[in-house]
Structure formats: structure tokens, C-alpha cells
Amino acid sequence: MKIKKISRLNGRQREEIRELEAICHAADKTKSKVYLASDQNATDIPCFFLAYINECLVGFLGIYLPTMEEAEIKAFVHPQQRQKGYFGKLFNRAKKVLTQIGVKRFIFIHEANSKAALPVLESLEAQLERSEYILSYRRTDETGFSNPEELILTELSEKTQDSTIKQEVFRLYKELFQMSEEEIKHHFDQILESIFEQEGKFYLIWKNNKILGCCATSFKEKNTWLYDFGIDKEFQGQGHGKHMLELVVHELRSISTLSNCTQNIFLHVNGANKVALSLYTDFGFEVIEQYNYYCVK
């Protein structure tokens, strides 16, 4: 078996990975697609490991580095080539690269429907840390839009770089998402790039000239993903979440209608965040997928 470590994939390699991914999905009854770009990583290292036998791709491992100390890993091996040690070889090769740059925690993302990965996780003595859910907006009985709190939604543009607003956004992210200054800057640069490329939007929600909260969206494969939805701690526990969510969903529905495109809206939430999960499900989102995060140190 030959393993290639790659920083950026070419077109042919992407095709091979998608073909292998489709075979594994069919066998394991899974459906999540691995992200095949390295632009979200905090450093430029090999983040794709491809295992070949006779020039045929039989295994894949991809890495996402949210920080320099933690790596999120998604991997799959051809069903006919499992239990031959190929995953172990892929992981050992990736682990060697990652430990050299100081990574100490390895997080394996396991789609709950799949049973095939459980013996591997057990052999690694991986510990379940958390579960995350993918939710889809399924409400079809919408009546007229209302805004009883008279909230105001503004859209951040890559051209509007008001320093005061930027400082407020950074403060929100630090308080709500426990991110460092460096992580916030890197994350926000990605948001601005998505806005510039017309692949997403960033909203601020105001009340009485104060920022109540924020929300980001990305457009992927004709679907809209909602993320970084948060309310300033000063305004939490006052029932603003539902009205903020209604305002954002109404805006996204309006965009979909004007552009004559799909109205599917998705988001993901940490299972430990019971308040957010309850907010979303009460509003009309339904859980459609579950992902478990296992840690190896």
C-alpha cells in the first residue's frame, strides 16, 4: 500500500475521494460529505492522506485544524479492504505530521448511523466527548412575519469595516464561543472572504442601537447553513432568541424567494447546549443527523 500526503487536492484526486466516499456511504448507510479544501486550517500542512493499492484509492483521511492543539479527523476505507490495518497506517502517518506541529488531541467524527467505525474507535481507546446534531428547518405552516420587539437586522459587507462594530463582534465571539483573539481573527477573515465570494452573509441584530446578537450563513450546494448564532450575554434569558431567529429565517426566506432558489435551511448544534437545541426545535427545526466526537490523546 502506498500513502500520499497532500496539502491541496487536484481534480482527479477529488473525484477519487468522492467515488470512494459514495461506496462507503452505500455500505454504511451514512451521508455526510468530507470537506475537501484546506483553506479553513490554521496552518498549511498536509491535511489529506490517500491510501492506494495498485493505483486504486482504498482509504482516505482528512484533517481540520480548528486550533494548533486539536485536529478533527474524518476517515473511511473501502468496505472490501477493511480489517487489514489500512486505517491504522493512515492515522499513524497523519499523527506523525500533526505531533510535529504540537497537536495533542485527535478528534474522530463518527456519524451515528455507522457501526463499522466503532471497533476501530474502541481499539484506539477513544473517549466520547460530545455529540452534535444537524437540524433542518421543516415548518410549513408559517403565517405572517411579526417583529414585536422591533429588532433591526443589518448585513455586514466586506466593504464596511467599522472598527467599533468589529470590536463589538470580536467581543461577542470571545464571550459566546470561547475563542482566542487569533482564532477570532482567522475565523472572521473566512467569513469576510465568503461574503466577498458571495458564498455567505453575516448579520447583526440590533435593539435600541445596541447589538443584541449575530448570525452567519453560508450557501452550499443550493442550501443555506446557519451558524455562529449567538445573543449577547447582557440580553440572554429574556426571550430574544426566538425573535432573533424569526428575523433571520424571514430574511433568508426572502432572499430565496427573490433569487428563485431552494429554501432549505440547516444548522448544527452541540448536544450539550440544551438551551439552543430547545430553541431550534421549538421554532421548527428537526434533528436529521447525529455526529459523535471521540477524543484520542
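Is F202 buried or exposed? F202 counts as buried, because its relative accessibility is 0% (buried means under 20% relative accessible area, exposed over 50% and partly exposed in between, using a 1.4 Å probe and protein chains only). Keep in mind that this is a predicted model, where local features need pLDDT of at least 70, side-chain atom pairs count only at pLDDT 80 or more, and totals for chains, interfaces and linings use all residues. Residues are numbered from 1 along each chain as its sequence is written, and side-chain values use heavy atoms, with hydrogens and water left out.

**Aromatic rings**

- The structure holds 16 aromatic pairs (rings of Phe, Tyr and Trp, the last by its six-membered ring, pair if their centres lie within 6.5 Å; planes under 30 degrees apart are stacked, over 60 edge-to-face, and the rest tilted).
- One of them joins F188 and F202 edge-to-face, with 5.6 Å centre to centre and 85° between the planes.
- That pair links distant parts of the chain: F188 sits in helix 5 (residues 181–196) and F202 in strand 8 (residues 200–207), 14 residues apart. Helices (H or I, at least four residues) and strands (E, at least two) are DSSP runs, numbered from the N terminus.
- F188 counts as buried too, because its relative accessibility is 2%.
- Elsewhere, Y137, F229, Y280, F283 and F285 make up one aromatic cluster.

**Charges over rings**

- K4 has its charged end over the ring of Y52, 4.7 Å from the centre (this needs NZ of Lys or CZ of Arg within 6 Å of the ring centre and within 35 degrees of the ring normal).
- R130 does likewise with Y293, lying over its face at 4.0 Å from the ring centre.

**Helix 4**

- Helix 4 (residues 163–177) has 15 residues and spans 21 Å from first C-alpha to last, close to the 21 Å expected at 1.5 Å a residue (that is, 1.5 Å times one less than the number of residues).
- Its buried residues include V169, F170, L172, Y173 and L176.
- Those five are on the same side of helix 4, because they cover an arc of only 155° around the axis (taken from the directions from the helix axis to the C-beta atoms).
- T164 and Q167 are exposed on the other side of helix 4.
- Helix 5, strand 8, strand 9 and strand 10 (223–231) are among what covers the buried residues of helix 4.

**S218**

- S218 is in strand 9 (residues 210–220), and S218 counts as buried because its relative accessibility is 10%.
- Beyond neighbours within four places in sequence, S218 is in contact with E199, G200, N223, T224, W225 and Y227 (contact means heavy atoms within 4.5 Å).
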